[in-house]
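Thanks for passing this one along. Here are some notes to read with the model open beside you.

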Amino acid sequence: INKDSVEYTLTLLISDEKLKKPIQWKVGEVVVPIHHSKASQQQCEHSEDNLWAKRPEFLHKFREPAPRAPVTVAYVFTGLIVTVPNLVLLTLLSRLSPKISVGNVGFHALLIAMMVIIAVYWLDGLKIFPCLFLLAATGSVATVLRPRSKAIHKKSD
């Protein structure tokens, strides 16, 4: 074996808690060639001298965060995303001229309340589990108050 390779003996060891002596089987020998560059050879020559010497401090450079839009721009777009669907909903409801009853008004108020809960969640005012609890509560009440359509209950002739 020369200085540019390392020899290993490969042994298979078979054992169990019930066996008193493990079975050892020599499979063979493996020679692993090592290729050194000039810089690594110089480092290997001096590595025995300063094996326990103080090493230079390892510093990690974190990746710089990606540029983001200013907070005001983010709030404007979030406001648009929240208000435009509500305005469309109110415009379409006003054109339909539905019957005004406590159930209908309550149902639509709960729909708007659910959208407000989602908007507050987007603005980091709520965590996920309180948000889900509030949405489940308002959704279950809205299910009870939902307007009944005659088309759904119409009997087929």
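1. Let's begin with a charged pair. The side chains of Lys 26 and Glu 29 come together in a salt bridge, at 3.4 Å from N to O. Please keep in mind that this is a predicted model. How many salt bridges does a search of the whole structure find? The search turns up one.

2. Now the overall layout. The protein has four helices and two strands, and along the sequence they run in the pattern β-β-α-α-α-α. Of its 157 residues, 11% count as buried. The accessible surface comes to about 14600 Å², with 65% of that belonging to carbon and sulfur atoms.

3. A nonpolar patch on the surface is formed by Tyr 8, Leu 10, Leu 12, Ile 14, Leu 19, Ile 23, Trp 25, Val 27, Val 30 and Val 32. Together these residues have about 910 Å² of accessible area. Strands S1 (5-14) and S2 (23-33) each supply at least two residues of the patch. Which strand gives the most? That is S2, with five residues.

4. Val 30 sits in strand S2. Its relative accessibility is 38%, so Val 30 counts as partly exposed. Patch residues need over 30% relative accessible area, and the 38% of Val 30 is given on that scale.

5. Last, helix H4. This helix covers residues 128-145, which makes 18 residues. From its first C-alpha to its last, H4 reaches 25 Å, close to the 26 Å expected at 1.5 Å a residue. The buried residues in H4 are Cys 131, Leu 135, Thr 138, Gly 139 and Ala 142. Where do they lie when H4 is seen down its axis? They fall within an arc of 110 degrees, so the buried residues line one face of the helix. On the face of H4 turned away from that buried side, you will find the exposed residues Phe 129, Phe 133 and Val 144.

How values were computed. Residues numbered from 1 in each chain as written. Predicted model: local features only at pLDDT ≥ 70, side-chain atom pairs only at ≥ 80, totals over all residues. Heavy atoms only, no water. Patch = residues over 30% accessible without salt bridge, like charges linked within 9 Å, V, L, I, M, F, W, Y side chains within 5 Å. Areas by Shrake-Rupley, 256 points an atom, 1.4 Å probe, with all protein chains shown as cover. Salt bridge = Lys/Arg side-chain N within 4 Å of Asp/Glu carboxyl O. Buried < 20%, exposed > 50% of the residue type's maximum accessible area, 1.4 Å probe, protein only. Expected span 1.5 Å × (residues − 1). Arc of directions from axis to C-beta.
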